[in-house]
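Subject: Structure handover and what was found in it

Dear colleague,

Please find the structure below, handed over for your own work. After it come my notes on what was found.

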Amino acid sequence: MPSKRLIITEKPRVAEHIAKALGLVAVADSRGKWYQNSEWLCVAARGHLLRLATPDELNPQWKRWSFHNLPIVPEQFRLIVPDTHRPRLELIFEKLRDPVVDAVVNACDPGREGELIFREIYHASGESKPVKRMWLPTLAPEEIKSEAADLRPGDSYDSLFASARTRAKVDW
């Protein structure tokens with residue numbers, strides 16, 4: 001069976017540019033649109049599909065603010081999937097788990113927020129396929145083709161992810 005690489009973008013517009021540059025064809029169902037050809041699949045996340053649980057979702061006693069409860073620092077942060085994002089996330093999970101996919105490419109925005117969005121989705125999927133990074137500061141077709149031909153190891157961006165996750169927890 002021929003293998004494909006799955007590209008996950010943060011925004012639909014980026015997926016469209018990648019599809020055009022790499023010659024992918026649009027496909028859609030009730031959950032949304034994705035792109036594919038014989039080598040690639042590409043799907044857009046549409047921003048944060050998961051969010052940190054609110055204090056009262058972690059502990060009902062934290063629903064009402066009280067100085068006696070401060071500081072509120074959970075033992076473990078939990079991610080929640082809002083109902084409006086569930087179909088899109090299920091589509092991405094389906095593509096991640098497809099046996100034809102042998103590697104996953106993070107093409108979310110170049111920066112810590114894009115790294116966080118991708119990693120939250122990837123970790124929530126439970127997959128362990130190898131991850132590569134496509135760093136796209138511009139959406140010029142030549143740049144997309146160049147990046148696709150020279151993907152970087154995903155773990156090269158672990159510190160960027162750690163920074164984003166820490167910032168999210170501090171903001172919480």
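Helices (H or I, at least four residues) and strands (E, at least two) are DSSP runs, numbered from the N terminus. This is a predicted model, in which local features need pLDDT of at least 70 and side-chain atom pairs count only at pLDDT 80 or more, while totals for chains, interfaces and linings use all residues. Residues are numbered from 1 along each chain as its sequence is written, and side-chain values use heavy atoms, with hydrogens and water left out.

Overall picture

The chain holds six helices and nine strands, and its C-alpha trace spans about 60 × 35 × 25 Å along the principal axes. Of its 172 residues, 42% are buried, where buried means under 20% relative accessible area, exposed over 50%, and partly exposed in between, with a 1.4 Å probe and protein chains only. If contact is taken as heavy atoms within 4.5 Å, residues 24 or more positions apart account for 70% of the contacts with a separation of 6 or more.

Backbone

Arg 46 lies in the loop between β4 and β5 (51-52), and its phi is near 70°, a positive value in a residue other than glycine. With a relative accessibility of 46%, Arg 46 counts as partly exposed. For context, most residues other than glycine have a negative phi, and most peptide bonds are trans.

Nonpolar cores

A nonpolar core is here a set of buried Ala, Val, Leu, Ile, Met, Phe, Trp, Tyr and Cys residues joined through side-chain atoms within 4.5 Å. The largest has 22 residues, of which Leu 6, Ile 8, Val 43, Leu 89, Ile 92, Leu 96 and Ile 121 touch the most other members. At least two residues of this core come from each of β1 (4-9), β4 (40-44), α3 (86-97), β7 (101-107) and α4, and the largest share, five residues, is that of α3. Ile 8, leaving aside its neighbours within four places in sequence, is in contact with Val 43, Ile 92, Leu 96, Val 104, Val 105, Asn 106, Ala 107, Cys 108 and Phe 118. Apart from this core lies another, of 20 residues, with Ala 15, Ile 18, Ala 21 and Leu 24 among them.

Helix packing

Axes are lines fitted to C-alpha atoms, for helices over the stretch in contact, and angles run from 0 to 180 degrees between N-to-C directions. Angles under 35 degrees count as roughly parallel, over 145 as roughly antiparallel, 65 to 115 as roughly perpendicular and the rest as oblique.

Helix α1 (residues 12-22) packs against α5 at an angle of about 80°, with the axes 9 Å apart, and the two are therefore roughly perpendicular to each other. On the α1 side the contact is made by His 17, Ile 18, Ala 21 and Leu 22, and on the α5 side by Pro 141, Ile 144, Lys 145 and Ala 148. By class, this contact has six nonpolar, one polar and one charged residues, if Ala, Val, Leu, Ile, Met, Phe, Trp, Tyr, Cys and Pro count as nonpolar, Asp, Glu, Lys and Arg as charged, and the others, Gly among them, as polar.

Helix α4 (residues 112-125) and helix α6 (residues 158-171) pack at an angle of about 90°, with their axes 8 Å apart, which makes α4 roughly perpendicular to α6. The residues of the contact of α4 with α6 divide into five nonpolar, one polar and seven charged.

Aromatic pairs

Rings of Phe, Tyr and Trp (its six-membered ring) pair if their centres lie within 6.5 Å; planes under 30 degrees apart count as stacked, over 60 as edge-to-face and the rest as tilted. A search of the whole structure finds three such pairs. One of them is the edge-to-face pair of Phe 77 and Trp 172, at 5.2 Å centre to centre and 85° between the planes. Phe 77 is in the loop between α2 (55-58) and β6 (79-80), and Trp 172 in the segment after α6, 95 residues apart; their C-alpha atoms are 9.6 Å apart in space. Phe 77 is partly exposed at 22% relative accessibility, as is Trp 172 at 26%.

Trp 135 and Tyr 157 form a stacked pair, 5.2 Å centre to centre with 15° between the planes. Tyr 157 is buried, with a relative accessible area of 12%, whereas Trp 135 is partly exposed at 22%.

Kind regards
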